[in-house]
Amino acid sequence: MKTYDEVKKVVYAPSGKDPFSFRYYDPEEVILGKPMKEHLKFALSYWHTIDACGTDMFGGDTMDKNFGKPYGMDRYRAKADFAFELMDKLQIEYYCFHDADIAPAGDTLAESMEYFNEMTDYIAALQKEHGKKLLWNTANNFGAAHFMAGAATSPVADVFAVAAAKVKAGIDAAKKLGASGYVFWGGREGYDTLLNTDMELEVANLARFMQMAVKYADKAGFTGVFYIEPKPKEPTKHQYDFDVATCMNFLRKYGLDGRFKMNVEANHATLAGHTFQHELRVAAINGSFGSIDANQGDLFLGWDTDQFPTNVYDTTLCMYEVIKAGGFTSGGLNFDAKTRRQSNTLEDILLAYIAGMDTFALGLRKAAAIIADGRIDNFVKERYNSYTKGIGKKIVDGTTDFDELYAYAAQRGTPEVPSGRQEYLEAVLNEILFG
Ligand code: XUL
Ligand code: CO
């Protein structure tokens, strides 16, 4: 196998055996009217790729991500250089970061912000030089000890203020770097026991925080999309942003739905007891489909393992939802995924991204094949046919009522419901995937 340095650019080689090439991802190839790279809009996650070093609950780092510069700002500049080189090698156009990912922490908030601003200047130059774009950024408002009881939902108002200061700086950075979005993932915005929690105040404060963020963005001239990233649990037992439906209820209650969309993460969907495609569909039918954090969990582990997505069945059904939702506009596919603790070399980073990108590229090809095949779409259309005429049409048009429906049902007798044909449809899917 080649070394990391020997891999200059990962290219499409459908019948090759070089592990550092794509089998399915051909960025310029046109599928359903647009190039694969526009359908997929891949992004690199800074925190997992550039910072995470394999630490788990039972042991420390297994990887070295100092890039030859173990100290201070030099270290973060070396990390940024590596990030942009890596994106070049992988033909990835977008990236995402938390404030804490790109700059060292200072002794005070003001010092941290200075480092952060210096690094966003540095990154702005790299972005230009390499032709890359910031998909979204966010604030790490969950790692530091003072965020232990939450940020915007902390019982301590001074913590709310610190969190607000960091998001203000994040919105300024988003504007400076031309980000197409800004993400709110709840972090520790939730609770572990009602015995110590004023839920009503905490949720209202979360809304106040977001309302202030919108107001500030308008003032600062940041026109990107705000995203909420739902997650049901971990780190807290009850996260306030449980799933897409819960987030929509929150946004509508507080009048925020016009400005916010969803950043749906596969592993968060499954932790909520939903499939990834369910969450995408709920977002789409509520007008809030925005962006995706691409990864996968492990069926046998009940936490957010953030694995690179390699399950083609899931990526196919995901891309089917994305296509049906009209494709990405401001959003994209951010690999919120990290190499396993034992996959601890720089080559593994390349191989993991290649596997993830190819799994999504294959998913896109298969989703387009499902649509071209038409059997599944036609089955669904046919199944609801009764709403296109007669009493069904009146229900949909809102031109009937319970009195008419009573009289109608009374004279019709017991209705017959045709088979849902689930097993047949699953077999059709298999045929398209593997036939
Ligand atoms: C945590 C998670 C975060 C967000 C950004 O589970 O997914 O990395 O994507 O804060
Ligand atoms: Co995420």
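The sulfur of Cys-318 sits 15 Å from the closest cysteine sulfur, in Cys-96, which is too far for a bond. A disulfide here is a pair of cysteine sulfur atoms within 2.5 Å, and by that rule the count comes to zero. Cys-247 is in no disulfide either: its nearest cysteine sulfur, that of Cys-318, is 18 Å away. Cys-318 counts as buried because its relative accessibility is 1%, and Cys-247, at 1%, counts as buried too. Buried means under 20% relative accessible area, exposed over 50%, and partly exposed in between (1.4 Å probe, protein chains only).

This is a predicted model, in which local features need pLDDT of at least 70 and side-chain atom pairs count only at pLDDT 80 or more, while totals for chains, interfaces and linings use all residues. Residues are numbered from 1 along each chain as its sequence is written, chains are lettered from A and ligands numbered from 1 in the order in which they are written, and side-chain values use heavy atoms, with hydrogens and water left out.

Now for the metal. The cobalt ion (ligand 2) has Glu-229 (OE), Glu-265 (OE), Asp-293 (OD) and Asp-336 (OD) as its protein donors, 1.9 to 2.1 Å away. Donors are N, O and S atoms within 2.8 Å of the metal (3.2 Å for Na, K and Ca); water is not among the atoms, so sites may look incomplete. Along the chain, the donors of this cobalt ion follow the spacing E-x35-E-x27-D-x42-D. Glu-229 lies in strand 8 (residues 225–229) and Glu-265 in strand 10 (residues 260–265), so the pair ties together parts that are 36 residues apart in sequence. Strands are DSSP runs (E, at least two residues), numbered from the N terminus. Both Glu-229 and Glu-265 are buried.

Methods
Helices (H or I, at least four residues) and strands (E, at least two) are DSSP runs, numbered from the N terminus.
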